[in-house]
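Trainee: Could you walk me through this one? I'd like to start with the overall fold and then go residue by residue.

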Amino acid sequence: MSTASNHVVLLGAGAIGVLPAALLVKAPGVKLSVASDADRAARYRREGIFLNDEKLPFDYVSPEELTAADLVLVATKMPSLAEALENVAPAVTGKTVFLPLLNGISAYDVIKSRFPQNPVLKGFHLGHASVRIGNRINHDGVGTIYCGGEKSALDFAVDILKSAGVDVEAPENFEVAMWQKFILNVGINQTQAFYRADYGQVQRSPEMLRFAWDLMEEAVAVGRACGVALGDEVIESAMMVICKMPSTVKTSMLQDVENGRVTEVDAFAGMVCRLAEKFNIDVPKNRLVLEKVR
C-alpha cells in the first residue's frame with residue numbers, strides 16, 4: 001500500500017474523470033488537482049462541479065499553478081487530447097505515470113508521442129453511462145477502471161486507486177479487454193448517435209440492433225487482422241451488455257450529438273476505417289457512420 005503522499009492530477013473533468021476523482025479527493029495520502037487552461041480553471045472555481053448534486057471539493061489549477069505530478073489520470077475526449085496534454089506538461093517529471101481512461105484504442109499512442117520518456121499505461125472505464133448537463137454529472141456508481149502496462153507503473157497506479165476505494169482491475173490480457181470495450185463502443189455509441197436513440201429505443205428495434213451488430217462485426221474483423229485474439233463470443237457478449245442497460249441511458253456520444261459537441265466518431269468509425277484500409281477489409285457500416293455523424 002502507498003503510504004507517502006501522492007499528487008494525482010486529473011486532466012478532463014467530464015463524466016468519466018470525475019468518478020474516480022470524487023473518491024481520490026477524499027483519500028488519505030492523496031493530493032488531487034484538476035488541471036485545465038486558466039480560463040476553464042477560473043470558471044470551475046466560480047461554478048464548481050457537482051456529482052449527483054454534491055459539489056466536489058476539487059482544487060482547480062492552471063498549467064502555471066501545477067506542481068510535480070506522480071500520476072496523471074487522462075479523461076478528456078479523444079478530439080481534444082493532444083491539445084489538453086499541454087495543460088499538464090509543466091507538472092510532468094521523469095517519474096510521472098499516465099493512465100488514460102478515454103474511449104477508443106489510440107490514447108496511449110498520443111500520450112506516448114508527447115511524453116516518450118514517461119511510463120504510460122493503457123486503461124478504460126466500463127460501466128453505466130454518466131449524464132452530464134453543464135457542470136452537473138449524475139451517475140449510479142456502476143463502473144470499473146481496467147488498466148494494463150508495465151508492472152511497476154501499473155502497480156503504482158492501481159495501488160493509489162484501490163486505496164481510494166476506486167473499483168479497478170488489471171486483466172491478464174489487457175489488449176483483448178480493451179478491444180472488447182472498443183467493439184462495444186463502436187456498436188452502441190455509434191448506433192445511438194446515428195439514430196439519435198437511447199438504450200431503450202435500441203433495445204426495442206430489430207433494425208437498430210442489427211445495425212449495432214454489423215458495426216461490431218466489422219470492428220472484430222479489423223481487430224483480428226491486427227492480431228488481437230478476439231473470441232467468437234465477443235459480439236454476443238456486447239449485445240448482452242446492450243440489452244441489459246437501463247433503458248433511459250444515453251451514451252456520451254449521443255449526448256454529444258444532442259448538445260452540438262464534437263463527437264468521438266473519428267476514434268470509433270474513423271479508427272475502424274483506417275485500420276480496415278490497411279488490411280483491405282470492407283467496412284461499409286462504419287464508413288456510413290463516419291460520413292453521417294462527422
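Trainee: What radius of gyration does the chain have, against what a compact globule would have?

Mentor: The radius is taken over C-alpha atoms, and the globule rule is 2.2 Å times the number of residues to the power 0.38. With 294 residues that puts a compact globule near 19 Å, so the chain agrees with it, at 19 Å.

Trainee: And what should I know about the model before going on?

Mentor: It's a predicted model, where local features need pLDDT of at least 70, side-chain atom pairs count only at pLDDT 80 or more, and totals for chains, interfaces and linings use all residues. Residues are numbered from 1 along each chain as its sequence is written, and side-chain values use heavy atoms, with hydrogens and water left out.

Trainee: Is N6 buried or exposed?

Mentor: Buried means under 20% relative accessible area, exposed over 50%, and partly exposed in between (1.4 Å probe, protein chains only). N6 lies in strand 1 (residues 6-11). Its relative accessibility is 8%, so N6 counts as buried.

Trainee: How far apart in space are N6 and I160?

Mentor: N6 touches I160, along with G29, V30, K31, D70 and F156, not counting residues up to four places away in sequence (contact means heavy atoms within 4.5 Å). In sequence, N6 and I160 are 154 residues apart. C-alpha to C-alpha, the distance is 8.0 Å.

Trainee: What relative accessibility does H125 have?

Mentor: H125 sits in strand 8 (residues 122-127). Leaving out residues up to four places away in sequence, H125 touches I16, L19, L101, H139, G143, T144, I145 and K181. H125 counts as buried because its relative accessibility is 9%.

Terms used:
Helices (H or I, at least four residues) and strands (E, at least two) are DSSP runs, numbered from the N terminus.
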